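Reader: I would like to go through this model by question and answer. Please keep it brisk.

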Amino acid sequence: MSVLIVGTTALDSINTPKAKNPRLLGGSASHAAVAASFFAPTRLVGVVGGDFPQSHVKLYASRGICLKGLERVKDGQTFHWHGEYEVNMNNRRTLNTVLGVIENWQPRLPGDYGQSPYVLLANIAPSIQLAVLDQLSKPKFVIADTMDLWLNVALADLLKLLKRVDCLVLNDSEARQLTEDDNVVSALAKIHKLGPKFVIIKKGEHGSILSGPSGMFVAPAYPLLKVVDPTGAGDSFVGALLGYMASQKGGNIEKHLRKAMIHGAVVASFCCEGFGLVRTVKADKKAIRDRVKHLEKIARF
Ligand code: AMP
């Protein structure tokens, strides 16, 4: 079954202690769609400006990603994010964000996109996530991702969104901010009360925690000796997770979610090994299977 992904299709300028890489292909939807495309037919909904290189569009197409929902505003500027990592590669700060064409974007789902069964509302303004949700008819499973910026500037819209999605994915500091609770277990309970039946808290190199009707599940992160650029790891995690879910036939959603988190962790690990999408696109199904097996081995007891 197919996966629909809406989010940012961006140009990212990324500084790490070792290198500066300007204007790479990035954005929440780019990372998530490439990750999902390993597992399921993927539809991308986004907007770019006239400055968005055609080679990036070709990269999406080379992954079989359906681009009927990718708009181009010829005289507009593509969303641009400029970030910088500290030496430990865990802490990053945003140096600059240019919203560009995202600012006035009103997404319209083409053709039969509204009937997509699996939907990822990747990180973007909650008003845009809501506008896409309004155009869906009876999706099977909807995941929303978000970030601290939207907790700060668009909390009311985000709370509206949470009442209408099946699963929220966020990182541990965002969960603390949303619930004003330092304890991850009670924070999870508070987020369920805001709407989502499933909540996944990402803890970077320490893995992720799922909370759902039958309790909690903890997924490890794939252990990496060297991290080159973690930008997009969270988006890759959730994109691969939903792509994996869409590739499963029947059965229990919660059971699939657990395995999906392991596949998400593996694709995220490839993302961290290169700048932008450089390393992710070199992975293949066999490389993913090998890392899944490795994770299975080191997490079993
Ligand atoms: P992650 O490292 O998984 O948190 O995702 C980083 C990606 O999110 C980058 O490729 C950015 O282009 C994108 N991004 C940064 N800021 C925003 C924002 N305010 N809204 C949506 N996407 C963003």
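Author: Contact means heavy atoms within 4.5 Å. This is a predicted model, where local features need pLDDT of at least 70, side-chain atom pairs count only at pLDDT 80 or more, and totals for chains, interfaces and linings use all residues. Residues are numbered from 1 along each chain as its sequence is written, and side-chain values use heavy atoms, with hydrogens and water left out.

Reader: Which residues does alanine 219 touch, not counting residues up to four places away in sequence?

Author: Alanine 219 lies in strand β13 (residues 215–219). Strands (E, at least two residues) and helices (H or I, at least four) are DSSP runs, numbered from the N terminus. Leaving out residues up to four places away in sequence, alanine 219 touches His206, Gly207, Ser208, Met261 and Ile262.

Reader: Is alanine 219 buried or exposed?

Author: Buried means under 20% relative accessible area, exposed over 50%, and partly exposed in between (1.4 Å probe, protein chains only). Alanine 219 has a relative accessible area of 0%, so it is buried.

Reader: How far apart in space are alanine 219 and serine 173?

Author: In sequence, alanine 219 and serine 173 are 46 residues apart. In space, C-alpha to C-alpha, the separation is 18 Å.

Reader: How many aromatic pairs does the structure hold?

Author: Rings of Phe, Tyr and Trp (its six-membered ring) pair if their centres lie within 6.5 Å; planes under 30 degrees apart count as stacked, over 60 as edge-to-face and the rest as tilted. The number of aromatic pairs in the structure is four.

Reader: What kind of pair do phenylalanine 38 and phenylalanine 39 form?

Author: The ring centres of phenylalanine 38 and phenylalanine 39 are 6.4 Å apart, with 65° between the planes. Both residues are buried. The pair is edge-to-face.

Reader: Why is the pair of phenylalanine 52 and tyrosine 60 classed as it is?

Author: Phenylalanine 52 and tyrosine 60 are both buried. Their ring centres are 6.3 Å apart and their planes lie at 20°, so the pair is stacked.

Reader: Which charged end sits over the ring of phenylalanine 38?

Author: A charge sits over a ring if NZ of Lys or CZ of Arg is within 6 Å of the ring centre and within 35 degrees of the ring normal. Ring pairs link Phe38, Phe39 and Tyr244 into a cluster. The charged end over the ring of phenylalanine 38, 4.4 Å from its centre, belongs to arginine 63.

Reader: How are α3 and α5 oriented to each other?

Author: Axes are lines fitted to C-alpha atoms, for helices over the stretch in contact, and angles run from 0 to 180 degrees between N-to-C directions. Helix α3 (residues 126–133) and helix α5 (residues 155–162) pack at about 30°, with axes 8 Å apart. Angles under 35 degrees count as roughly parallel, over 145 as roughly antiparallel, 65 to 115 as roughly perpendicular and the rest as oblique. α3 and α5 are therefore roughly parallel.

Reader: What about α8 and α9?

Author: Helix α8 (residues 233–247) and helix α9 (residues 253–272) pack at an angle of about 140°, and their axes are 7 Å apart. α8 and α9 are therefore oblique.

Reader: Where is glutamate 180 found, and what is its phi?

Author: Most residues other than glycine have a negative phi. Glutamate 180 is found in the loop between α6 (172–179) and α7 (184–193). It is exposed, with a relative accessible area of 73%. Although glutamate 180 is not a glycine, its phi is positive, at about 55°.
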